[in-house]
Amino acid sequence: MADLVLQTVVKLLIPFIQMYGIFIIINGHLSPGGGFAGGTILGSSIILYALAFHVEDALAHYSRSRAKMMESAGVVAFALIGLFGIIRGGHFLANNIWGLGETGTLLSGGIILPITLAIGIKVASTMITLFFHLLEEKKL
Amino acid sequence: MRVVVAAFIIIILGSLLLLMASEMPTFGDPDNPSNNQVSQRYSRDIIRDTNIPNVITGIITDYRAYDTLGEATVLFAGIAAVLTVLGSHVNAGRKRGQDDG
């Protein structure tokens, strides 16, 4: 189970995979990608860790209570961003909280960047939780 | 006999599907019914409405953000179902292990 070559390569790879996932999420409004694709990449990095090491080691990094918190935080943040649109005088999920910024820059598009971030957190957490639970059930 | 009947049904269904596929509009034809004023408005006004160059992200997180909220809710419901069904298994297994040890 404990293969030194595999574990070393995985340790080297994971920062790059996570960096790529965060890039896909944050740059979702400028280039192809977005919350769903980037969240899947982020989640797959932790799944890779769980495969190369052990589920218990991966659970120590991403515990069940943290997973539950992240799951809820993604959806709640999305809905709250939508409710802010009503508070500011528009319709639900209206794009009127901040200014729209300059086209092509990172901080532009109003609520699109926070919504993409919320979706990314949610999807990454969903991938990881599903995988851990299926692995643990198989062990019984 | 069952193989013959199955093959007969598959051929009938397959030819029906092929018949329908041959009636579909040509891919990329500007006269397609899908190229209506909705998609034209989205691709024309995306910069004015949201200031982002990625039309697809603009549609799923701005014009159709309510739909995306529904998708996130579907994911949430799915993971809640998995935690309910599989989580009890995990807890039961842990309890059983403690009793044995």
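The largest nonpolar core of this predicted model comprises 32 residues. Within this core, the residues with the most contacts are Phe78(A), Ile115(A), Ala118(A), Ile119(A), Val123(A), Ala124(A) and Ile128(A). At least two core residues are supplied by each of helix H1 (4-26), helix H2 (35-52), helix H4 (64-87) and helix H5 (112-139) of chain A, and also by H4 of chain B. H5(A) provides the largest share of the core, namely twelve residues.

- Val123(A) is among the residues with the most contacts inside the largest nonpolar core.
- When neighbours within four places in sequence are left aside, Val123(A) is in contact with Gly35(A), Phe36(A), Gly39(A), Thr40(A) and Gly43(A), and with Leu75(B) of chain B.

**Chain B**

- Chain B contains four helices and zero strands.
- The order of elements in chain B, read from the N terminus, is α-α-α-α.
- Of the 101 residues in chain B, 16% are buried.

**The side of chain B that touches chain A**

- Contacts between the two chains involve 25 residues of chain B and 34 residues of chain A.
- On the chain B side, two or more residues come from each of helix H2 (37-50), helix H3 (55-63) and helix H4 (65-100).
- H4(B) gives the largest share of this side, with 16 residues.

Conventions: Residues numbered from 1 in each chain as written. Chains lettered and ligands numbered in written order. Predicted model: local features only at pLDDT ≥ 70, side-chain atom pairs only at ≥ 80, totals over all residues. Buried ≥ 20, exposed ≤ 12 C-beta atoms within 10 Å, placed from the backbone. Contact = placed C-beta atoms within 7 Å. Core = buried A, V, L, I, M, F, W, Y, C linked by C-beta atoms within 7 Å.
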